[in-house]
Amino acid sequence: MKVNPELIDEIKKYGAFDISACFNCGNCTAVCPLSKEDASFPRKLIRAGHVGMEEKITSAIEPWHCYYCGECSATCPREAQPGEYMMALRRYLIAKYDITGLSKLFYKTGWLQTWLTAGLFALALWIYSRYTGDFGALAAKIEMAFPVYVTIALGGYILNMYRHAIVKPLGGIKASLKPSHIIETFVHGFTQKNFNGCEETDLVRWGSHLLVMSGYTLTLVISNLHLLEPLNKHYSPFSPVSLLVWYAGFAILVGGGLMTLRRLLKSAESSKFSHPSDWLFVVMMFLIGLSTVTTLGLNVLRGPSDPLLAQVYRVNIAIETVWIILVVPFTKWIHIFFRPLAVYFQHVRKEAEAGTAFSLQLGK
Ligand code: SF4
Ligand code: SF4
């Protein structure tokens, strides 16, 4: 296997760990809840990084199983931060899967993504504020364009992850066709249930992720189907659309608020080290929740022709626009798809080992 002596310096650009201090004691593996299945995790990947085994790292799916419980970092006698190393690996892998190179640029330049997001938000708001036509109709077109953009971006990532994790190491196209594996992948995606694999379940962390996930998924449905038309209809506080929007907005506000608080307080191993993209993610989530709830609140209280509502709705759509264009496809957010995919790829690998996977050899 080809060795890249600069690999560890490259990965270091993605996180605050110091595995050069590691003396291979094995404590991290002993405490890691994931090492039940793989007796050398996470030490195996620490070693691979150390010695520059680049293909081993780029084909790894284990970092996606790790939910940063932080038990390894808390017990490491050398304070090498193996949990943060896993976090850095996830960022490194996102940069590898991203064909545009923007994730890599954003991770390495720290606050660039935040400044670009702020600039694009100001531009979008300026354009929306000067728009003199039917803004409700324009918003419908913008919201309906979101899923097309996200699907294209996501498709590129998934294909690249599949290429690195399955096609290259297994030498061809492999798949698991078992319905139970496909269902399990979706269940993981919606519930993030691996959080509960940690020795001590961190209910606040799991709960805040669940709130954000469910609230955000619902927000996607509401905006992509353009269910909320605040400038054209007057909603009662308990209409079906209002109830969906209240839940989505408040779930994001509470979940995003808890995430922000934990990062501010550094109250857990997983929130001790924050990359600027982590801050951008939680702050944007919070703003989406706040502007959505305020939009509906103004509609309910003051009606669809209220001038303040017209302004707040433009802010809401401007936030959604920059969120979809500059935040969703790059850095932090996209990882929510890789975790469930890693669960599926794990099954594919096991079936390939057992010779039961669907298989298509390339170039034969
Ligand atoms: S616990 Fe720390 S020193 Fe021991 S193997 Fe893990 S990273 Fe290395
Ligand atoms: S953070 Fe938790 S799950 Fe991840 S490697 Fe460390 S002990 Fe294992």
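Me: How far apart do the C-alpha centres of domain 1 and domain 2 lie?
Reply: Welcome! This is a predicted model, where local features need pLDDT of at least 70, side-chain atom pairs count only at pLDDT 80 or more, and totals for chains, interfaces and linings use all residues. Residues are numbered from 1 along each chain as its sequence is written, while chains are lettered from A and ligands numbered from 1 in the order in which they are written. The chain is split into domain 1 (7-97) and domain 2 (108-350), with bounds from an automatic or database domain assignment. Their C-alpha centres are separated by 27 Å.

Me: Which helix supplies the largest share of the side of domain 1 that touches domain 2?
Reply: Here 23 residues of domain 1 are in contact with 25 of domain 2 (C-beta atoms, placed from the backbone, within 7 Å). Helices H5 (62-65), H6 and H7 each supply at least two residues of that side of domain 1; helices are DSSP runs of H or I with at least four residues, numbered from the N terminus. The largest share, 6 residues, comes from H7.

Me: Which helix gives the most to the shell around ligand 2?
Reply: Among the 15 residues around ligand 2, Cys32, Cys66, Cys69, Cys72 and Gly83 come nearest (a residue is near if its C-beta atom, placed from the backbone, lies within 6 Å). Helix H6 (71-75) and helix H7 (82-97) are the elements giving two or more residues to this shell. The most, 3 residues, come from H7.

Note on methods. Two residues are in contact if their C-beta atoms, placed from the backbone, lie within 7 Å.
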